[in-house]
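Me: I would like to go through some of the terms used for this model and see what each one rests on. Please set each value against its definition.

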Amino acid sequence: MGYNKQVYERTAAILRERKRKAEQEAEQRRFNFFTAYPRAEQIEQALAKTGITTARAVLKGGNVREHLSRLKQENQALQAELSGLLSSAHLPGNYLEPHYTCVKCSDSGYIDGRMCSCMKQELRAEAYRELNASSPLALCSFEQFSTEYYPEAYREKMERVFHNCIEYAELFSPRSPNLIFMGGTGLGKTHLSLAIAGGVIKKGYGVVYGSVNNIINRLEQEHFGRSDDADTRQSLIECDLLILDDLGTEFRTSFSIAEIYNIVNTRQMTSRPTIISTNLTMEQLGAAYTDRFASRIMADYKRVLFQGEDIRQKKRLLGHS
């Protein structure tokens with residue numbers, strides 16, 4: 001499962017609407033054409049009876065081959081006559097057929113039980129829209145990130161961090177390493193995690209991004225029956241890439257600590273990559289979430305240190321967005 005249930009449902013609804021619209025428009029074209037050319041409707045009705053006539057011929061026996069050959073000739077003549085009517089009206093040969101967006105699957109999303117490329121593309125687009133709706137994804141691309149706001153003493157280090165994040169997104173696979181972004185407030189951790197999310201989505205993978213505070217709120221609502229949704233935990237565990245932003249800023253309870261550990265531990269056990277951003281040090285993580293959690297992070301996550309001064313504050317002072 002690369003995407004959450006809502007993304008699949010909205011994508012399926014989009015494809016159903018495409019299919020419905022294409023077939024509705026075809027019906028309107030057929031009505032208009034048959035009104036102008038009644039003979040065309042008679043031809044279509046005659047062609048539709050071919051299957052029934054063929055089945056009856058097989059059941060009756062006799063010279064089936066000869067009968068089928070005659071039916072084939074009649075069909076070809078009818079089809080040629082219909083093509084002639086369309087041509088005389090200066091219309092293309094497929095005018096009466098539904099004009100599906102995807103000719104491979106007729107906008108069903110599947111070909112012989114396998115997901116069509118059009119559905120995969122729409123899933124990516126829908127996931128991007130969902131992520132963009134809940135976060136400033138459009139404002140947090142790699143192109144919009146700059147190291148010029150960092151003090152000169154840290155600029156070279158932050159340029160390496162920046163290029164390593166670009167490489168992570170470009171080379172992402174379900175076996176990519178876990179990362180933990182560590183550093184103070186306003187140093188670009190959220191910006192670069194969202195930039196990675198955007199790059200990974202464009203590669204066709206499913207990404208779940210959220211602040212730990214919002215994620216815990218959703219899990220609590222589902223756990224205590226205050227929400228009809230019940231797949232947040234599954235999405236967090238099974239998505240291709242999970243990004244947990246602002247770990248340590250949430251209101252911590254025994255429930256939240258247990259949930260965070262279980263999600264992180266389960267993803268590690270199933271070799272699914274996770275990116276965590278936090279303002280806390282390793283010692284503070286241990287104090288806040290238990291030493292076992294901190295030990296898991298130290299052993300299984302590559303630390304990415306963000307250093308410098310609050311660039312958000314610096315941008316505001318300079319009048320930059």
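Reply: Buried means under 20% relative accessible area, exposed over 50% and partly exposed in between, with a 1.4 Å probe and protein chains only. The model is predicted, so local features need pLDDT of at least 70 and side-chain atom pairs count only at pLDDT 80 or more, while totals for chains, interfaces and linings use all residues. Residues are numbered from 1 along each chain as its sequence is written, and side-chain values use heavy atoms, with hydrogens and water left out.

Me: Why is strand 4 called largely enclosed by the rest of the structure?

Reply: Five of the five residues of strand 4 (residues 207–211) are buried, so the strand is described in that way. A strand here is a DSSP run of E with at least two residues, a helix one of H or I with at least four, and both are numbered from the N terminus. V207, Y209 and S211 point one way from strand 4, V208 and G210 the other way.

Me: What makes strand 4 and strand 5 a pair?

Reply: Two strands pair if DSSP finds at least two bridges between them, and strand 4 and strand 5 have five, in the parallel sense. V208 has L242 as its bridge partner in strand 5, and G210 stands opposite L244.
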